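Please read the following report alongside the sequence and the coordinates. It goes through local backbone features, strand pairing, aromatic contacts and charged pairs in turn.

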Amino acid sequence: MNKNSLRNLRMFMAVLLLSAMIIHACTVKVFANSTLTVNQALENNRAVIKVSDAAASNQAVSLIIMQKQTNSLVYTDQAVLANGEFTFITLLPKGEYTGFISSAGSGRVMLQDFSIVKEEKIVGFRPLKSHAVAIGEAVVLPGSVIAIFDDGANREVGVQWTNVPKTDTSGQFTITGKVNGGSETVNLVINVGESNTGGDTGGNNGGNTGGSTGGNTGGSTGGNTGGSTDGNTGGSTGGNTGGSTDGNTGGSTGGNTGGSTGGNTGGSTGGDTGGSTGGIPAGNGSSITVTPTLDSSTATAKADVSAAAVSSAFSNAATDKKGVKTVTIALDKADGAKAYELAMPASVLVQGDKKQIIEVNTPIGSVELPGNAVKASLAAANSTISVRIEQADKSAITNPKLRDAIGDRPIVELNLKVDGKVIGWENKGAPIQVSVKYTPKPEELKNLEHIVIWYIDGEGKAVKVPNAKYNPATGTVTFRTTHFSTYAVSFDFKTFDDAGVYPWAQVPIEVLASKGIVSGVSESAFHPGEKITRADFLLLLVNTLGITADFSDNFSDVSPSDYYYEALGIARKLGIANGTGPDTFHPKEYISRQDLMVLSARALKLSGIITDQGRAEDIRKFHDQSAVASYAVDDIAAMVKEGIVTGDGDLLHPQAGATRAETAVMMYRIFKKL
C-alpha cells in the first residue's frame, strides 16, 4: 500500500456532521491475521478513530466508512503511521455506519457499528462551471457537487442528472440533478456546439433544504501490489499516490520590450498608474521585473503588474514545441522579507489559455500558473488576484517525527488571494509547477534523487509529493500540484532487505519508494518477483502521472467501493483503458507485459511525454516480436522508441506476467521523463 496516496484518496471524501454525543470508547472485531487495534470515539460532532499497529511503526493504513444498510462508501482516507499510531478525525451525517481499517502488512480490523442521529440541511451549492460540448459529442457530467450546509460546512455530495439533452443540434440547455437521491436539486448549463472551455454559470443551486447527506462514491484507498514491465527488470509497486502531473512549462524567450510603464500621477513618485505596490515593472521581451515594497509589519514584499504588461510580454514570448508560451515576472529581493506577494488583474488567470504560463519568480521560489488556473466562480472579471509565497514557520508542525525529518530545510506556504482575501485554491484541470530553492547537504549530494517534498495539510498530516525532483542546474526542488498548501523539503533514503535481489531494479525501487510512488509489502520486504494485477498497475500509472478527469460511468466489474474505482473510471473516460470485453476490465487478473506497455504508452501520449508514433520496424530486433498482438504493436514500438522499454536482451516477453521489479523500472524511467 502506498504511503503517498493520501491526497488523491481524499478526492471522494464525504465528511458530514456527527451528532453531539458523549465520548465513548468502543471495542472492535479483529481479523485473526491482523496486528491492528482500533479505538473509536464520538466527540460532539466528530468521529475520532485511533489505529495502532503492534507489528509495524511506519506503514500506510486505510480507513473506509460505509453506510450500514447499503454498504455504500461514505468516507475514505489513508495515512502513514507515526510510531505505530495514527488518529483519523472526520465529520459524518445522520445514519448508521460500519467500516474497517486495513494495511498491506498488518491485515484488517473492523470498526464497531455506530449511529449518528443529527439531521442537517443543504442550504446551497457552490457555483457550477457550465459544460461545453461539441455537436455529436457525448455529454460527460460530474458525479458530485459541493454542497453548503446549514452549519457552514462545504462538502462533496453525489448527484444524478436528468433531462440530459441530445447533442445533435447546437443550443444552451439547463439540466437538473437530484442530490443524494433526495429532494434537493442543482442546475447545470450545457452549451452544445462549443469547445470544451465554457464559462461559469454562476451559482447553480436548486431549492435546497432538507437533510441530505453526502454519499461519495469512488474514493480509492489502497496500496497496490504488483509490479510490471519493461524488459529487464522486475518489479514493483505498492499503493499509489497522487501528485498531479501535467503542469505546463516551457520557457520562452523573447522579442523586445514588454512590461508596463504607467506614468506617475498625482505627484506620486513611486507607483505607476496601475496602482502598483512596488516600483514600475521593467519589461524585457517575455520577462518582467518588479521591485516590491516591503510591509515591515508583516515582513511581506508586495508588488503588482498590469494586464497590459502581461499581454505585451506574451506577444513577445516564443512558443515551445508543445505550443506553450511562458512569461516570467521576477520580484527583486527585499531585505527582511519572509514572504513575497504579486498582484495582477484576474483576467490573466481566470479561464484563459492553458498554454500561456505565468511564472512568478521570487527569492524564495517560483510558481508557474497556466492561464486557466482560476475558475470564474472564484473571481469576478474586475477582481485582483494575488500569488503569495512565504517561508513557513517550522514551529507550526506539531508532528515531532515530521519536524525532525524536515530539519532546517525550507518550508514554503503558497496562497492565492482574491481582492485581498485568501481562498482555498484547487484546480485539477490546471496543475501548477512549483520550484523551491534549496542547497543540498554534503551527505545528500551522492543521492540527489532521494530529496523529497512533503505536502502538509491543515491538520498537520503529511504525505509525499511523488513527482518532486531536485534540479542541480537551477538549485531548486521542483514539483507539480493542483492545490496551494504548505510544502516542505526533506531527504529520505528508503530501501528493503530484498531490493538487491534484482540488481538492475534496486535503484528504481529505492528511489520510487523514497518518493512514495511504490511501497513494500512490509517495512523491510518488497517482494520484487511477485506479479501485479491489472487494477493495481493502472492505479499506479494514473496516480504517478497525476491524470484526472470527470467521469459518469465505469466498467461493470468495478464497484464504487473498490480502491481503484476512480483510477479505472478516469482511464476509461480518457481512452487509456478500453477493457477486455464490451464493458469489463477484469481488475483482479494479473496484467501481461504487453498490456502494461500498451496502457503506459496511451497514458504517456495523453500526457505529452510520447510524441512520436511507433511502427512495427521499431521492434523487429526482438526475436519474439511475432508474439505481440496486432493491437499492441504501435504502442509497444513507441515505448521502445522512447527508450522506456528495452526488453530482456533480444526478447520482449509480451505474454508474460509483469512483476513488481519490472514495474518499478518502468515507472522509474517514466518518472525521469516528467
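Ala299 is found in the loop between β17 (293-295) and β18 (300-304), where helices (H or I, at least four residues) and strands (E, at least two) are DSSP runs numbered from the N terminus. The model is a predicted one, in which local features need pLDDT of at least 70 and side-chain atom pairs count only at pLDDT 80 or more, while totals for chains, interfaces and linings use all residues. Residues are numbered from 1 along each chain as its sequence is written, and side-chain values use heavy atoms, with hydrogens and water left out.

Although Ala299 is not a glycine, its phi is positive, at about 55 degrees. With a relative accessible area of 15%, Ala299 is buried; here buried means under 20% relative accessible area, exposed over 50%, and partly exposed in between (1.4 Å probe, protein chains only). His527, which lies in the loop between α4 and α5, is likewise a residue other than glycine with a positive phi, near 55 degrees, but His527 counts as partly exposed at 33% relative accessibility.

Strand β27 (residues 451-456) is mostly covered, with six of its six residues buried. Two strands are taken to pair if DSSP finds at least two bridges between them, and β27 is joined by six bridges to strand β31 (residues 486-491), the two running antiparallel. Within this pairing, Trp454 stands opposite Ala488, and Ile451 has Phe491 as its bridge partner.

Strand β28 (residues 462-464) is also antiparallel to β27, with three bridges between them, and Lys464 is the bridge partner of Trp454 in β28. The hairpin of β27 and β28 has five residues between the strands, and in this hairpin Gly460 takes a positive phi near 90 degrees. Strand β31, for its part, is largely enclosed by the rest of the structure, because five of its six residues are buried. Strand β24 (residues 411-418) pairs with β31 in the antiparallel sense over three bridges, and Val412 has Tyr487 as its bridge partner there.

## Aromatic contacts

A pair of aromatic rings is described by the distance of the centres and the angle of the planes. Rings of Phe, Tyr and Trp (its six-membered ring) pair if their centres lie within 6.5 Å, and planes under 30 degrees apart count as stacked, over 60 as edge-to-face and the rest as tilted. The structure holds 10 aromatic pairs. In one of them, the rings of Phe551 and Tyr565 have centres 5.8 Å apart and planes at 55 degrees, so the pair is tilted. This pair links distant parts of the chain, with Phe551 in the loop between α5 (534-545) and α6 (565-573) and Tyr565 in helix α6, 14 residues apart; both Phe551 and Tyr565 are buried.

Tyr455, Phe479 and Tyr487 form one aromatic cluster. A charge is said to sit over a ring if NZ of Lys or CZ of Arg is within 6 Å of the ring centre and within 35 degrees of the ring normal. The charged end of Arg534 sits over the ring of Phe585, 4.3 Å from its centre, and that of Arg660 sits over the ring of Phe526, also 4.3 Å from the centre.

## Salt bridges

What does a search of the whole structure find in the way of salt bridges? It finds 18 of them, a salt bridge being a side-chain nitrogen of Lys or Arg within 4 Å of a carboxyl oxygen of Asp or Glu. One joins the side chains of Glu341 and Arg388 (3.1 Å, N to O). Glu341 lies in strand β20 (residues 339-345) and Arg388 in strand β23 (residues 384-391), so this pair ties together parts that are 47 residues apart in sequence.

Arg409 lies in the loop between α3 (400-406) and β24, and Glu444 in the loop between β26 (432-437) and β27, 35 residues apart. Arg409 is buried, with a relative accessible area of 12%, and Glu444 counts as buried at 1%.
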